[in-house]
Amino acid sequence: MGYVKLCLLFSGQQVLGLVENQSDWYLGNLWKNHRPWPALGRGFNTGVILLLLDRLRKLRWEQMWRLTAERELMSMLSTSLADQDIFNAVIKQNPFLVHQLPCFWNVQLSDHTRSEKCYKDVSDLKVIHWNSPKKLRVKNKHVEFFRNLYLTFLEYDGNLLRRELFGCPSETDHNSENLQKTLSELDEDDPCYEFRRERFTVHRTHLYFLHYEHEPSPDNTDVTLVAQLSMDRLQMLEAICKHWEGPISLALYLSDAEAQQFLRYAQGSEVLMGRGNVGYHIVYKEGQFYPVNLLRNVAMRHVNTPYMFLSDIDFLPMYGLYEYLRKSVVQLDMANAKKALVVPAFETLRYRLSYPKSKAELLSQLDMGTLFTFRYHVWTKGHAPTNFAKWRTATTPYRVQWEADFEPYVMVRRDSPEYDRRFVGFGWNKVAHIMELDAQEYEFVVLPNAYMIHMPHAPSFDITKFRSNKQYRVCLKTLKEEFQQNMSRRYGFAALKYMTAENNS
């Protein structure tokens, strides 16, 4: 609301609200040959700008700043302070454009006494300008006060900050009445109410949390590894990056404080900082369940290659899998057929594994008991249709049929169906997706020289809840039945086999 009141103070042709720069930069002579861009007096700091957009458009702002920038660049060659230099050059030529804001709208914490003069008599600071980690080390007698403010907000639960402190409306408040109607129709006395409510929960999402840059290969064979994770699986990232050189799309389920921890972790990793083709998308924590399929969908939606390899964060793909999958795209004519290429999954119980560099080496470790087919001991049905016995000697891709509870890891085209959001936490989240692929008549083709290995880790909180909470298991069964009924309505007679397969399993 403060900015709305400020707008009313603008007069004449004023279109920019700015605070005076508190450093001596634009006064020049900070060192020998220091030559700043032209500015009006001390110039203005563009860390905070109030823009009257309708007036800017009428003034043909875009042409105005471009002409000024091109003229100054003839002699200056480049900017030192990016957009701030250009803004100040324009204001120097057109002083009438600017309305000077009180300095407490942009407190530029620094070594300068001018900074202190700005805030010492003001109890209600509006904006504190933290534009650099160096701000924590300025020689200012109040730096600890500002440091504590900064760290307090950094560690805050963003949901609390948004709703309870500032009363910001949530995205659901702006959404269609249909969504509100759907929520109101949920029965709060239903023992599975929390599961059903989770499907409609809106999560704050920060896409491309770190810089991402990848130009898909022109031959239309490029493939992105897709996965999701929470803070307790962060240690897998470097290993995956070493095994998969292609693009990666990751959805991370984090609190606001964990997002900052992740940032520090990533910036301290040479491996992660050396990879520009990893897209990190933060989905902020909300609700009591791990929204596994929502996370997968977020990661899938931000794939910019024709193909996706749908994996999990606790698997290490074999060395060279990226190039092998790209060759398989051509070999199996993926562009013109609905196929899901199955990458056989194995597991080890050893935290230190000499990762097999070939299929022959993997088979040797399998025979010695160092490796097992994935979930062999606890959930054989999940990967049994892969037909590991056939895979051992296979030299060409082979087709397999869908069976109940099949949940392989597959490469598909980018336009393949998303995951069903009703499944959260542990259980049936991948099974339902594979069933959907089968219903849409995807062929499942096992690759004879591909493999991935699950690395051991402590059980997740959600699998613990599944194992210890009977109501959790009851609700999961209910959701499964409802999903299958939905499949029958959508795919008709072709979906009958899912009901009978479930009853027979």
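Ala432, Met435, Glu436 and Ala439 of α18 meet Phe483, Gln484, Met487, Arg490 and Tyr491 of α20, contact being defined as heavy atoms within 4.5 Å. By class, this contact of α18 with α20 has 6 nonpolar, 1 polar and 2 charged residues; Ala, Val, Leu, Ile, Met, Phe, Trp, Tyr, Cys and Pro count as nonpolar, Asp, Glu, Lys and Arg as charged, and the others, Gly among them, as polar. The model is predicted: local features need pLDDT of at least 70 and side-chain atom pairs count only at pLDDT 80 or more, while totals for chains, interfaces and linings use all residues. Residues are numbered from 1 along each chain as its sequence is written, and side-chain values use heavy atoms, with hydrogens and water left out.

The axes of α18 (residues 429–439) and α20 (residues 470–491) come within 12 Å and cross at roughly 15 degrees. Axes are lines fitted to C-alpha atoms, for helices over the stretch in contact, and angles run from 0 to 180 degrees between N-to-C directions. Helices (H or I, at least four residues) and strands (E, at least two) are DSSP runs, numbered from the N terminus.

An open sheet of 9 strands shows mixed pairing, in the order β4-β7-β6-β5-β8-β14-β10-β15-β13; two strands pair if DSSP finds at least two bridges between them. The edges are formed by β4 and β13 (398–400), each with a single partner strand, so one side of each lacks a neighbour in the sheet. Pairing of β4 with β7 (residues 278–284) is antiparallel, over 2 bridges, and His206 stands opposite Ile282 in β7. Helix α14 (residues 292–301) packs on the sheet and touches β4, β5, β6, β7 and β8 (307–310), its direction making about 145 degrees with that of β5. Helix α12 (residues 256–267) lies across β6 (248–254) and β7, running at about 135 degrees to β6.

Tyr208 counts as partly exposed because its relative accessibility is 34% (buried means under 20% relative accessible area, exposed over 50%, partly exposed in between; 1.4 Å probe, protein chains only).
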